[in-house]
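Please examine the sequence and the model displayed here before reading on. The paragraphs below then lead through them step by step.

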Amino acid sequence: MHGTPKHSEGFKHFDYVNPDAPKGGRLRLGSQGSFDSLNPLIIKGDPGAGLREFLYESLLTRGLDEPFTLYAQLAQHVELAPDRSTVTFHLNPDARFSDGHPVTADDLLFSWRVLRDHGRPNHRAYYTKVTKTERLSDLSVRFDLEPDDRELPLILGLMPILPSHLLDEDTFQRTTLTPPIGSGPYKMAQVDPGRSIVYERDPDWWGKDLPINRGRFNFDEIRFDYYRDDAAMFEAFKSGRIDIRPEEDPSRWAEGYDTRAVTNGNIIKGEFDIGLPAGMSALAFNTRRPVFADQRVRQALIYLFDFQWINRNLYHGLYSRTQSYFERSMLASTRQPADALEKKLLAPYLSEIKPELMMGEYQFPVSDGTGRNRENWRTALKLLNDAGYKLEGGKLLSQETGQQLSFEILAATAAQERLFLGFARDLERLGIKPRIRVVDSAQYQSRLKTYDYDMIQTRWPSSLSPGNEQLFRWSSALADRDGTFNYPGVKSPAVDAMIAAMLTAEAPEDFVSSVRALDRALLSGDYVIPLYHLQKQWVAYWHHLGQPQQTSLFGYQVDTWWSATIEKAQAVEASHNE
């Protein structure tokens with residue numbers, strides 16, 4: 001995206017793999033909730049786990065030790081205009097779907113067309129920016145692109161390629177439990193609807209010798225089992241029915257792994273470096289709802305969230321407070337004043353931007369952690385009074401309607417419920433009535449898609465090269481379209497303009513400035529109550545698994561792990577042969 005690729009033509013493998021990792025064995029993974037579809041590319045249904053990772057391939061694949069660089073996968077060669085107005089993909093003539101059918105230009109065009117017209121909202125938003133397509137040969141397609149989006153050729157390079165000989169445009173948007181066919185390293189071996197999915201490695205996979213794939217996809221079988229909730233999934237991990245468990249709960253990390261399997265070394269608690277921004281984990285206000293339409297109400301609730309008390313009492317003090325949408329990276333706007341380009345970009349929108357954010361002096365409210373957050377309570381009460389609420393008889397009442405300030409916080413897990421109860425403690429002291437509602441995974445996902453909530457806990461992950469996905473999260477044009485990640489309903493001219501500046505930035509320093517300007521615009525809107533982040537990835541795993549010595553910028557990657565049991569057996573056999 002910016003600069004030059006790390007790996008030159010003819011490289012042998014990525015640096016974050018073990019190129020000699022043994023093949024074989026079985027990996028068992030857990031997933032929470034259920035699934036009712038095997039199509040992960042449409043908005044309908046809850047798709048099964050692993051489809052995009054193990055079944056489908058894209059034209060290009062991402063190198064995970066760089067911010068945003070793509071290498072050859074289904075496409076063997078790419079031609080890109082200097083101004084990025086056109087891109088031509090030449091497919092690898094060896095590329096095959098798992099049924100033996102060759103991957104052709106017809107599959108590429110079909111995939112683009114069906115995802116543009118019937119795919120998820122992000123695909124529709126991206127692929128409608130193609131103004132013209134031309135089939136140059138059985139293996140080559142040219143795309144003409146709208147101007148002012150330098151990331152779009154890379155976005156097209158990440159498009160999943162579907163078998164046009166097996167699918168139909170008219171029925172594509174329907175959910176299905178028919179095992180799909182892809183061109184990737186695995187085939188679907190078994191489906192138990194809503195309960196489990198089993199993938200088996202394809203011994204005839206066409207791409208197994210490509211440099212991008214060496215040392216990856218090492219297990220003969222990968223199985224996903226579904227569990228009704230996280231507690232059940234954790235018990236399954238401790239009993240050995242799940243092999244790997246990423247952990248984000250400090251309380252559980254500190255106390256929940258006090259088992260014999262950890263003591264005797266059968267379960268290993270690993271901490272992995274990660275070079276990505278922490279992103280934004282937050283409580284999101286749904287500004288589409290009248291209760292949160294007034295920014296002063298949102299600001300007041302930000303003051304009422306006592307991070308220091310919650311972190312100490314619920315999470316053993318192991319979290320750091322998130323201050324930026326691009327926390328833990330050079331893209332964060334916090335603790336530094338806006339530079340010249342940021343000031344120029346934000347100049348037409350200064351009425352939307354907080355001055356202290358422009359000066360790099362803003363930080364979220366801090367308490368003494370005692371649970372008596374009186375100074376912040378006073379600030380919150382003043383904001384609420386200004387918004388038309390008054391404390392009467394222990395209730396915060398609207399002076400216009402006489403109704404108590406009340407809203408629903410939607411939860412899907414026990415961990416979320418515990419956090420919300422901690423937050424509710426301070427809300428109730430100020431006469432606010434929060435209603436915490438816990439729903440099952442299917443209902444939760446359904447309500448997210450249609451923005452049927454007042455407040456939710458969510459997370460927007462981030463990369464070192466944010467781009468078009470920011471439209472899907474914050475664009476005014478998509479704010480009322482079902483299925484986006486614009487959970488707060490952001491509709492801001494400043495945010496829209498900063499995203500546009502980011503997408504057209506050519507020089508790396510201009511790109512960084514435009515992202516920081518976007519960060520300042522988002523923070524100024526008070527759309528969320530920022531929560532917290534970890535400095536490393538916590539991953540618990542059983543000792544019979546092996547992983548590379550080097551971790552990618554993106555953290556640990558399951559597709560680079562292998563069976564240590566098989567590795568040891570091969571070493572023993574090799575020593576006997578000697």
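Predicted model: local features only at pLDDT ≥ 70, side-chain atom pairs only at ≥ 80, totals over all residues.

Residues are numbered from 1 along each chain as its sequence is written, and side-chain values use heavy atoms, with hydrogens and water left out.

We begin with the strands. Helices (DSSP runs of H or I, at least four residues) and strands (runs of E, at least two residues) are numbered from the N terminus. Two strands count as paired if DSSP finds at least two bridges between them. In general, strands of a sheet pair through backbone hydrogen bonds, either parallel or antiparallel.

Strand S1 runs parallel to strand S10 (residues 221–227), and seven bridges join the two. Within this pair, Arg 26 stands opposite Glu 221 of S10.

A second open sheet to consider has three strands in the order S11-S22-S12, with antiparallel pairing. Here the edge strands are S11 (244–247) and S12 (267–272), each of which pairs on one side only. The twist in this sheet averages 25° from one strand to the next. Six bridges join S12 to the antiparallel strand S22 (residues 537–542), and Ile 267 stands opposite Trp 542 in S22. Contact here means heavy atoms within 4.5 Å.

Strands S4 and S5 form a hairpin with five residues between the strands, and Arg 84 in this hairpin takes a positive phi near 60°. The two strands run antiparallel and are joined by five bridges, with Val 78 opposite Phe 89 of S5.

On a 1 Å grid over the protein atoms alone, a pocket is an open set of points with protein on both sides within 12 Å along at least five of seven lines, whereas a cavity is a set where a 1.4 Å probe fits but cannot get out; lining residues have an atom within 4 Å of a point. The second largest pocket has a volume of about 910 Å³. It is lined by 31 residues, of which Pro 5, Leu 60, Leu 70, Tyr 71 and Ala 72 are the closest to its centre. Strands S3 (70–72), S4 (75–80) and S5 (86–91) and helix H4 (152–157) each supply at least two residues of the lining. The largest share, five residues, comes from S4.

The largest cavity has a volume of about 60 Å³, where a volume is the space filled by probe spheres set on the grid points, which are joined across faces, edges and corners. Its lining includes Tyr 16, Phe 272, Gln 547 and Trp 561.

Which residues of helix H14 (residues 441–449) are buried? They are Tyr 444, Arg 447, Leu 448 and Lys 449. Buried means under 20% relative accessible area, exposed over 50%, and partly exposed in between, with a 1.4 Å probe and protein chains only. The buried residues of H14 pack against strand S17 (406–411), helix H13 (414–429), strand S18 (433–438) and strand S19 (455–460). Just after H14, Tyr 451 takes a positive phi of about 60°.

Two lysines complete the description. Lys 44 is found in the loop between S1 and helix H1 (51–55), and Lys 44 is partly exposed because its relative accessible area is 47%. Leaving aside residues up to four places away in sequence, Lys 44 touches Gln 173, Thr 175 and Lys 449. Lys 12 lies in the segment before S1 and counts as exposed because its relative accessible area is 61%. With the same exclusion of residues up to four places away in sequence, Lys 12 touches Pro 211 and Arg 214.

Note on methods:
Axes fitted to C-alpha atoms, helices over the stretch in contact; angles between N-to-C directions.
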